[in-house]
Amino acid sequence: MTHLASGHTAEAMQGEELERQERDFKGYTNGLVRLNPGGWVLPSAYTKFADRLYRFEFRESDVVVMTWPKCGTTWMQEIVWTMRNNPDLDNPQAMVPTHNRVPFMDFDMLVPGYMLELMCQDKDLKSSFKERCPDGDPMDGMFYQKAMEMADPRTIKTHLPFSLLHPQLLDTTKVVYVARNPKDVVVSYLHHSRLLKCHDFKGSLDQFVQYFVDDELVYGPYWLHVKEAWEKRDHPNLHFVFYEDLKSKNMDELQKLNQFMKTNLTEEQLQKVAKHTSFSEMKAREDKAIDPMDDAFMNQDIVISDGGFFRKGLSI
Ligand code: PPS
């Protein structure tokens, strides 16, 4: 058992439970841990980064996009980054993939060793890492280090809950939390878990739903994650958004973000942001971007049968 700076203990999943996870998720080759209190399920590699993630120094100028997986993270990352860095849609940086502009600070733990080695060899990832972290060792957390070394103003993505991040996070930094109807989340996470080789889920929809309701999916439990944020919803540095509202009242939600982030964008600029971050435009940009790492990361048979990352973008 490992004791973490957050006050949690991390215990390796074992026996029948681990065998079942490894049978259904072929990507979980390095095991999983369960944290208490809370029962958080995370890859074993989390323990390597846990204390550094907990002590991560957030800045006043940061905006953190915090979500449970598949709640609209990428959409919100693009909205926040565009509002702050590209409101007139003339910033050439916008062509850089989202993960290079808005680092996913806890991603490293999800990457199996062989994939990290491939990432270290990838020309674009390697050069963007070396540019930001000239003295950094990519094997020691490429994304975590990139998040640390990003130039201001940083927009940072995390799927970690409040209880695993710095307790003073909201005292210094603005957080945008996005929640989504769990029925849509489960379907989207199922697709994601079949698509991405780091999960490589081989089971059925029913089995996946069972994992969700039993709080056994990576980053689970879902409800505790949402509850920790919901309890803080009146904090002036927390902005709580529902995916469904962002979809049905997009301009209203962009106005609220404009006030929250004090970006002072005009109605015309917000209209541009709305169009640029619409599902159809984001999907079209993904379709055009040829990422040589896709084969290493994604099961191409799932891309063909069920689609890529931008699946449907709908609410039930
Ligand atoms: S991740 O991997 O956890 O970061 O995934 P996340 O970005 O949170 O969620 C992916 C789902 O969000 C949909 N999506 C969008 N919906 C509406 N508008 C825009 N612009 C948009 N961009 C992404 C994406 O399609 C996934 O949902 P599903 O239901 O699977 O289509």
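Predicted model: local features only at pLDDT ≥ 70, side-chain atom pairs only at ≥ 80, totals over all residues.
Let's start inside the protein. In soluble globular proteins, nonpolar side chains tend to be buried together. Here the largest nonpolar core has 71 residues, and L35, Y46, W68 and Y219 touch the most other members. Helix α9 (residues 182-195) is the top contributor to this core, giving five residues. Another core, of 22 residues, lies apart from it and includes M76, I79, M261 and M282.

Two or more lining residues come from each of α2 (46-54) and α5 (113-121). By type, the lining of the second largest pocket has six nonpolar, four polar and two charged residues.

Now to the backbone. Most residues other than glycine have a negative phi, and most peptide bonds are trans.

| Cis peptide bond | Omega |
|---|---|
| D152 to P153 | near -5 degrees |
| G220 to P221 | near 5 degrees |

P153 sits in the loop between α7 (142-149) and β6 (155-158), while P221 is in the loop between α10 (205-213) and α11 (222-230).

Y219, also in the loop between α10 and α11, has a positive phi of about 85 degrees although it is not a glycine. Y219 counts as buried because its relative accessibility is 3%, under the 20% cut-off. D200, in the loop between α9 and α10, has a positive phi of about 50 degrees, again without being a glycine. With 14% relative accessibility, D200 counts as buried too.

Conventions:
Residues numbered from 1 in each chain as written. Heavy atoms only, no water. Helix = DSSP H or I, 4+ residues; strand = E, 2+ residues; numbered from the N terminus. Nonpolar A, V, L, I, M, F, W, Y, C, P; charged D, E, K, R; others polar. Core = buried A, V, L, I, M, F, W, Y, C linked by side-chain atoms within 4.5 Å. Buried < 20%, exposed > 50% of the residue type's maximum accessible area, 1.4 Å probe, protein only.
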